[in-house]
Amino acid sequence: MRTLAESLLLSAQPATFRTLQGWITGSLPLAADQIRVRRVFDTAALAASFPFASPDLPSRDPASAATPAGVLYGLNASSAGVVCWDRWAQDNHNSVIIGRSGGGKSYLAKLDILRSLYQGVQVAVIDPEDEYTRLAAAIGGTCVRLGADGVRLNPFDLPVLRDPSRAAADGLMRRALFLHTFLGVLLGEPIAAAQRAALDQAIMGCYQRAGITSDPRSWTRPAPLLADLAGLLRADGGEGTELAARLAPFTEGTHSALFNGPTTTRPDGHLVTWSLRDLPDELKTPGVLLTLDAIWRQVTDPAQPQRRLVVVDEGWLLMRQPEGARFLFRMAKAARKHWAGLAVITQDAEDVLGSELGRAVVSNAATQILLRQAPQAIGLAGEAFRLSAGEREFLLSARQGEGLLAAGTSDRVAFKTVASDFEHQLATTDPEFLIALDDTARAAGRDGADDGAADWPGARAKETSP
């Protein structure tokens, strides 16, 4: 009997004079061990059985004193083991998620955001389709919905400093240079040299009238407005008159809703989402420029060193705009130096691999995730990421939420995204599920978007006022 059991990889333990205890332990469904047979388990065997590790990915030395870190991405598609990945332990902190529509890209990104917030990472999201608003509302984040009624951004805003002594000495001059770039994008036409000189004098004159100088202690005073600039140009006459006329639609006309007052919502907090869905096409480019400027100022602020993650959903939309393309290129190259990571999410591999900028973003991403691919794009993706025949077949037949996590050419693992019920409610975009969730919330007399927010550590709805 013992020989037969060992041939089946079973360990038989004789229960001499303990027949009753053996019957209770091995036969009855009581989960009671009355035999109490023990064996010595060495450290190596224990480490091999530890569930929060994947044999397919490199991990930190278990003997090191470093605090365990990493984000749960899902379960190993082959072994059902847990796949955890720490972007902050890689050569750079950038990532790229590529997959066809409906493959679960945004779903995975939202789970990554939620689990990164638990580790104290500050997250900013560029959200073209307003997919992250429910997530921000549930966990006490800040949502800036550009184009919505009453939401304004003042391009003259200077950074709010906690420690003025650590401010850059040329901070005001840099802001004036940005305003030149912003106004050039806003007007959409080249500005002549004489007009540029008048514009430069008017910009500095606006700050002087507001009592703002190069001294960072004066930056707490209310910043001037775009209407103040137009008024000063009009009063000076000459070349400034034409510029003031060109600025009229943005200060008092049909295009003025986004710029005709002080900033209404300060983009501060552990999670800030910038929704661009309501932004008119005519204001899309200047609105995106203001968004990118606000994010970059936070990332490069030396007075607030902190891990930051910048998530760009539908990255192909940003790549079509010159300012957005330059921002992605700069972030991909320099984010690591500022303790930040760039996460680009886009649909087809051709969106990023078909341009020099896209290839630069991918090559500077130490974490690369491929979800379900279209047959038309698998050739380009397979060549760029050096996929084997088996990996190509897996991505072609992958179901929703299944993908391949790649770190270089040797460390790869196929995984299936997993989420708790609370995470699923915040991450899913399935219309049928959301309608059913809203119906359930209305029946219970509460708002479904805030369901579970009280369970989030430190989460409270952030109040913003004009």
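Arg 330 lies over the face of Trp 296, 4.4 Å from the ring centre; a charge counts as sitting over a ring when NZ of Lys or CZ of Arg is within 6 Å of the ring centre and within 35 degrees of the ring normal. Lys 110 does likewise with Tyr 132, lying over the face of that ring at 5.3 Å from its centre.

Before going on, a word on what you're looking at. This is a predicted model, so local features need pLDDT of at least 70 and side-chain atom pairs count only at pLDDT 80 or more, while totals for chains, interfaces and linings use all residues. Residues are numbered from 1 along each chain as its sequence is written, and side-chain values use heavy atoms, with hydrogens and water left out.

Helices (H or I, at least four residues) and strands (E, at least two) are DSSP runs, numbered from the N terminus. Buried means under 20% relative accessible area, exposed means over 50%, and partly exposed is in between (1.4 Å probe, protein chains only). The buried residues of helix 4 include Lys 105, Lys 110, Asp 112 and Arg 115, along with Leu 108, Ile 113 and Leu 117.

Asp 112 also turns up around Arg 87: the two are in contact, which takes heavy atoms within 4.5 Å. Arg 87 sits in the loop between strand 2 (82-85) and strand 3 (95-98), and at 5% relative accessibility it counts as buried. What does its side chain do there? A polar atom of the Arg 87 side chain lies 2.8 Å from the backbone oxygen of His 93, and a polar contact of 3.1 Å joins the side chains of Arg 87 and Ser 95. A polar contact is a pair of N or O atoms within 3.5 Å; within protein, one must be able to donate a hydrogen and the other to accept it, and residues adjacent in sequence count only if both atoms are side-chain atoms. Leaving aside neighbours within four places in sequence, the contacts of Arg 87 also include Tyr 73, Leu 309, Leu 342 and Thr 367.

Now for the strands. Strand 10 (residues 402-407) has six of its six residues buried, so it is largely enclosed by the rest of the structure. Both faces are covered: Glu 402, Leu 404 and Ala 406 are buried on one side, and Gly 403, Leu 405 and Ala 407 on the other. Strand 9 (residues 367-370) pairs with strand 10 in the antiparallel sense over three bridges, and the bridge partner of Leu 370 in strand 10 is Leu 404. Two strands pair if DSSP finds at least two bridges between them. Strand 10 also pairs with strand 11 (residues 411-416), again antiparallel, over six bridges. Here Leu 405 stands opposite Val 413, and Ala 406 has Arg 412 as its bridge partner. Strand 11 is joined to strand 1 as well, by two bridges and in the antiparallel sense, with Leu 75 partnered by Lys 416.

Next, the aromatics. Rings of Phe, Tyr and Trp (its six-membered ring) pair if their centres lie within 6.5 Å; planes under 30 degrees apart count as stacked, over 60 as edge-to-face and the rest as tilted. By this rule the count comes to five aromatic pairs. In one of them, the rings of Tyr 73 and Phe 415 have their centres 6.3 Å apart and their planes at 45°, so the pair is tilted. Tyr 73 lies in strand 1 (residues 71-76) and Phe 415 in strand 11, so the pair ties together parts that are 342 residues apart in sequence. Tyr 73 is buried at 3% relative accessibility, and Phe 415 is buried at 0%.

Phe 182 and Phe 259 form an edge-to-face pair, 5.8 Å centre to centre with 70° between the planes. Phe 178, Phe 182, Phe 250 and Phe 259 make up one aromatic cluster.

Phi of Trp 339 is near 60°, a positive value in a residue other than glycine; Trp 339 is partly exposed, at 39%. Arg 386 has phi near 55°, also positive, and is exposed at 64%.
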